[in-house]
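Below are some notes for a colleague who has not looked at this structure before. Please read them with the model open.

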Amino acid sequence: MKTKNLKVEKNMLGLACLTLILVTNSFENNLKDNCLIMYDHLHKYTDDNGFNIYKQSEEETIEGFHKTNSIIKKSEEAILIDELNLLKITDNISTLTNIMEKNKDFIQYEYKYKRYFEVRNNKYIIIDDYSFSNDINHENLTGRIRNVKYKYKAYKIVDNNGEKELVESPLVDNIIDIKDSYPYFKICTYKVKTYSDPYILGYQKTK
């Protein structure tokens, strides 16, 4: 009888172990599926242009950015730049460098056109107005041109009487040069076109 009871207990023990293994495997798979990493973290997200940003999220896609398996530990800085939707220059040096290399200076050409203003009762006045085109063969060119140059700006976060404040950098030729003093940027504002005063080729005023 003792031997029989032992066999029953062994069978029950084996079943219990199998159940435990199945539960454990299920739990581990659930951890992987839901990314239940045992510490607070942010995931790196990358967009199609190669920009990298860190977000405290488990969403697969956020505003065109796609989640990767790279993570960083949660910190005050990481949470703050996530909330402000900022990117770190040091996380994007390669992408920024490639973009700046492609953004060459160029010339635009002034042309004249007619503008129509309704006065009353379908009566109009016509005035001459001016605009600029990238096309050197545009109609009604005036002979004046202007130089177009890309500049860049970044941000730093300062403490203003206990409140965090975002401070904008001056415009610079190379955003990488200011990464230590202004470490962050925004995709929608970091690149700015600047324009010279219009001039006739050969007669540009120097400042």
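**Notes on the predicted model**

1. Glu-77 is partly exposed, with a relative accessible area of 35%; partly exposed is the range between buried (under 20% relative accessible area) and exposed (over 50%), using a 1.4 Å probe and protein chains only. Its salt bridge is described in point 6.

2. This is a predicted model, in which local features need pLDDT of at least 70 and side-chain atom pairs count only at pLDDT 80 or more, while totals for chains, interfaces and linings use all residues. Residues are numbered from 1 along each chain as its sequence is written, and side-chain values use heavy atoms, with hydrogens and water left out.

3. The protein has 3 helices and 13 strands; these are DSSP runs numbered from the N terminus, helices being H or I of at least four residues and strands E of at least two. Of the 207 residues, 26% are buried. Among contacts (heavy atoms within 4.5 Å) with a separation of 6 or more, 58% are between residues 24 or more positions apart.

4. An open sheet is formed by 4 strands in the order S2-S1-S4-S3, with antiparallel pairing; two strands pair if DSSP finds at least two bridges between them. Strands S2 (52-55) and S3 (61-62) are at the edges and have a single partner strand each, so one side of each lacks a neighbour in the sheet.

5. Within this sheet, S1 (residues 41-46) and S4 (residues 65-73) run antiparallel and are joined by 5 bridges. Tyr-45 has Lys-67 in S4 as its bridge partner. Lys-67 also forms a salt bridge with Glu-60, with the closest N and O atoms 3.5 Å apart; a salt bridge here is a side-chain nitrogen of Lys or Arg within 4 Å of a carboxyl oxygen of Asp or Glu. Glu-60 is exposed, at 52% relative accessible area.

6. Helix H2 (residues 76-83) lies across S1, S2 and S4 and runs at about 45° to S1; the angle is taken between N-to-C directions on a scale from 0 to 180 degrees, with axes fitted to C-alpha atoms, for helices over the stretch in contact. Glu-77 meets Lys-88 in a salt bridge (3.6 Å, N to O). Glu-77 lies in H2 and Lys-88 in strand S5 (residues 87-88), so the pair ties together parts 11 residues apart in sequence. Lys-88 is partly exposed, at 23%.

7. The salt-bridge count is 12. Asp-105, Lys-149, Lys-151 and Asp-173 are linked in a network of them. Lys-179 is paired with Asp-180, the closest N and O atoms being 3.5 Å apart; Lys-179 is partly exposed at 25%, whereas Asp-180 is exposed at 69%.
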